[in-house]
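Opening the notebook on a new model today. I want to look at its pocket, its salt bridges and its surface.

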Amino acid sequence: LQVEVKEVVTFERMCEDHKNCEFAFVRNAVSAKGLVPLGHICDKIVLIGCALCYHSNVEFHTEEDYMTHLCLDHFYKSLSCFVKKLEPYLCPIQSCGKRCNSFEDLILHYG
């Protein structure tokens, strides 16, 4: 993966293909994945701010927490129009068909 200086990437995991490997798997802003030398990655954690929370400074440590916030706090009503509110909670995408334990889990999966 080719990254630019100061480009923000998400650390996925260490490379486990070789013993004492000095590379890590990362993902960039457009979800392209690849290997980057560890020496090119700083350990600074960049918080993710919600651009939709105008009146408060809401920040998240992980993309998963941010996506959960978006699905449940900002897009819940819109997403709920596309999924069944009654059991079984099945993903409406035919090729997926995932069964969820709750309506909220289905919203999070679909969103």
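This is a predicted model: local features need pLDDT of at least 70, side-chain atom pairs count only at pLDDT 80 or more; totals for chains, interfaces and linings use all residues.

Residues are numbered from 1 along each chain as its sequence is written, and side-chain values use heavy atoms, with hydrogens and water left out.

I looked up the largest pocket and got a volume of about 930 Å³. (A pocket is an open set of points on a 1 Å grid over the protein atoms alone, where a 1.4 Å probe fits, with protein on both sides within 12 Å along at least five of seven lines; lining residues have an atom within 4 Å of a point. The volume is the space filled by probe spheres set on the points, which are joined across faces, edges and corners.) Of its 30 lining residues, Glu 7, Val 8, Val 9, Thr 10 and Lys 44 sit closest to the centre. Strands S1 (10-14) and S3 (33-37) are the elements that each give two or more residues to the lining, and S3 has the largest share, with 3 residues.

Arg 27 meets Glu 12 at 2.7 Å, N to O; Arg 27 is in strand S2 (residues 23-27) and Glu 12 in strand S1, 15 residues apart. Glu 12 also meets Lys 33, at 3.8 Å, and Lys 33 lies in strand S3, 21 residues apart from Glu 12. Arg 27 pairs with Glu 63 too, at 3.0 Å. Glu 63 is in helix H1 (residues 63-74) and Arg 27 in strand S2, so this pair ties together parts that are 36 residues apart in sequence. Through shared partners, Glu 12, Arg 27, Lys 33 and Glu 63 join into one network.

Which of these is buried? I use under 20% relative accessible area for buried, over 50% for exposed and partly exposed in between (1.4 Å probe, protein chains only). Arg 27 is buried at 17%, Glu 12 is partly exposed at 33%, and Lys 33 is exposed at 57%.

Note on methods:
Helices (H or I, at least four residues) and strands (E, at least two) are DSSP runs, numbered from the N terminus. A salt bridge is a side-chain nitrogen of Lys or Arg within 4 Å of a carboxyl oxygen of Asp or Glu.
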